[in-house]
Amino acid sequence: MNLYGVRAIYKFEMARMRRTLMQSVASPVISTSLYFVVFGSAIGSRMGDIDNISYGAYIIPGLVMLSLLMQSISNASFGIYMPKFSGTIYEVLSAPVSYVEVVLGYVGAAATKSVILGIIILITAKLFVDYDVLHPFWMFAFLVLTAITFSLFGFIIGIWADGFEKLQIVPLMIVTPLVFLGGTFYSIDMLPEVWQTISLFNPVVYLISGFRWAFYGVSDVHVGISVGMTLLFLTACMVAVWWIFKTGYRLRS
Amino acid sequence: MGIIAAKAKLSKTAPVMRKYRALIHRQQDTPVQPDISVKHLNKVYADGFSALKDINLDIKPGEIFALLGPNGAGKTTLISIICGIVNLSDGEVKAAGYDIVKDYRRARESIGLVPQELNTDSFETVWDAVSFSRGLFGKPPAPDHIEKVLKDLSLWDKRNNRIMSLSGGMKRRVMIAKALSHEPRILFLDEPTAGVDVELRRDMWEMVRKLRANGVTIILTTHYIEEAEEMADRIGVIREGEIILVEDKTRLMSKLGKKELRLHLQNPLDKIPGQLALEPVDLSEDGYELIYTFDSQQEQAGVARLLRTLGEMGIEFRDIQTRESSLEEIFVGLVNE
């Protein structure tokens, strides 16, 4: 295994984060904090509890998940798209690195950045809303698993995209609506029955539900199903990445 | 000894071994395994365009091989396949004795590539970019080697500069430094001096010679035929995806080259005299020059006969010039055939 190669890609990507701290860290932390202020402190104080949890605390897992998903996709897609755009991808393609090593480097870095960001957001949330974590291990496990899964998804988007517009389409047009409709601000039990059934087709419901269970021990679906669905999506992304490298799709002509 | 320490030690001895290998090869002239071996290589793109057709090519260790061809001939496709950037459709390619598909790691470890385009990361520093390349190619960090490469390429003073702040010529040097960072035994230079000034071009030629002296095999594509003429040991010409010629440079120039004898006459002629009608002679527009063209390899009796005939006819000349055709003229002749 070319560990030096993996390290080189990983270090390169992490250096990009350090160079763009405002964009990579400060911006998502500030925007998520605004949600905490508006929905948690301001509006939340006038809302009733959900499952005996204050509204401000209830929305924290969903908001952290929103940032985590968006940043994982953005970090990984940008990480692999930029070398394609600038032409420096030639170096990765001509290097003695396997596709597993390439993915480890890019996705590993993207997931690391997202986990760091998730932790910063959680710490920031404490400033505005009082919350506890019932299962810290599972909370961290969900954080890492989701970051890896969606970084892989972002990696696929970065390879698929042939322009900056396409790079933005999936996060903004698909992922954001799925997160908002996936129980970030409410429990799906609060929806009419038809919409509850429709919501179960939204994969983000399982992520948020599982993550919220790790915080408060309450969930819309059983935590085992949440873990299973996350692993299923992770497997699907891994198969897609394997196929991309096997066929050279949009990488090797 | 740990694996990393052993690798580092091997890495230090590699240039010496390469130099020795190339030296032995040159002195003994015995058949050795080619550094690049291409057999029946074909490349057909998804749109059906056949970019390479049954390419067969061996490149010997320690030589400078110039691959010439007009735009779109397939030079970059060939290089890209050998380096792993483009998939081959059919055939077999080996680099340093390793199959580029089945044993891609070892094959690619031995190759350095300087691509045609100035594809560099703008925000990285020179030092970081070159160190990144070394790591990517599976080599342990070696600040001493990076320092040497940067000094050799006059980049040492710029090591902490971001690449975006460098001139085009400097960026080209960074590309070369990146390609040399992992001490490759084979170096591909795809149009390395395109758009660089004369001074840098001379520097690069000097650097290429030094690399060759250290046993590095160099494959060069260029539009500047003078570059190939100046540096290459062997020349390959590719046209419409087919290798139409591979020849030792000096042999090629003597085999396909033409010589020209120009006689500056004392008095102008109206037309070529009848006695010279059968000779390959042209007359300049002003009538003051007789131009006699002959093959480099042809026996020289034609020149003596021409001079004798002119003497018999009383045609006097005040000066004689001879000139051999350049590689460029040979190349143009070949690709236009």
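Helices (H or I, at least four residues) and strands (E, at least two) are DSSP runs, numbered from the N terminus. This is a predicted model, where local features need pLDDT of at least 70, side-chain atom pairs count only at pLDDT 80 or more, and totals for chains, interfaces and linings use all residues. Residues are numbered from 1 along each chain as its sequence is written, while chains are lettered from A and ligands numbered from 1 in the order in which they are written.

**View 1. Chain B has 11 helices and 14 strands.** Here's an open sheet of 6 strands, with mixed pairing and the order 6-7-8-3-9-10. (Two strands pair if DSSP finds at least two bridges between them.) Strand 6 (111-114) and strand 10 (242-248) of chain B sit at the edges with a single partner strand each, so one side of each has no neighbour in the sheet.

**View 2. Zoom in on strand 6 and strand 7 of chain B.** These two run parallel, joined by 4 bridges, and strand 7 covers residues 186-190. Look for Gly112(B), whose bridge partner in strand 7 is Leu187(B).

**View 3. Over in chain A, here's Phe155(A) and its surroundings.** Leaving aside neighbours within four places in sequence, Phe155(A) is in contact (C-beta atoms, placed from the backbone, within 7 Å) with several residues, including Ala76(A), Ile80(A) and Val241(A).

**View 4. Now follow residues 102-125 of chain A.** This stretch is 100% helix and 0% strand, with its end C-alpha atoms 34 Å apart. Residues 137-161 of chain A are 96% helix, and there the end C-alpha atoms lie 36 Å apart.

Note on methods
Contact = placed C-beta atoms within 7 Å.
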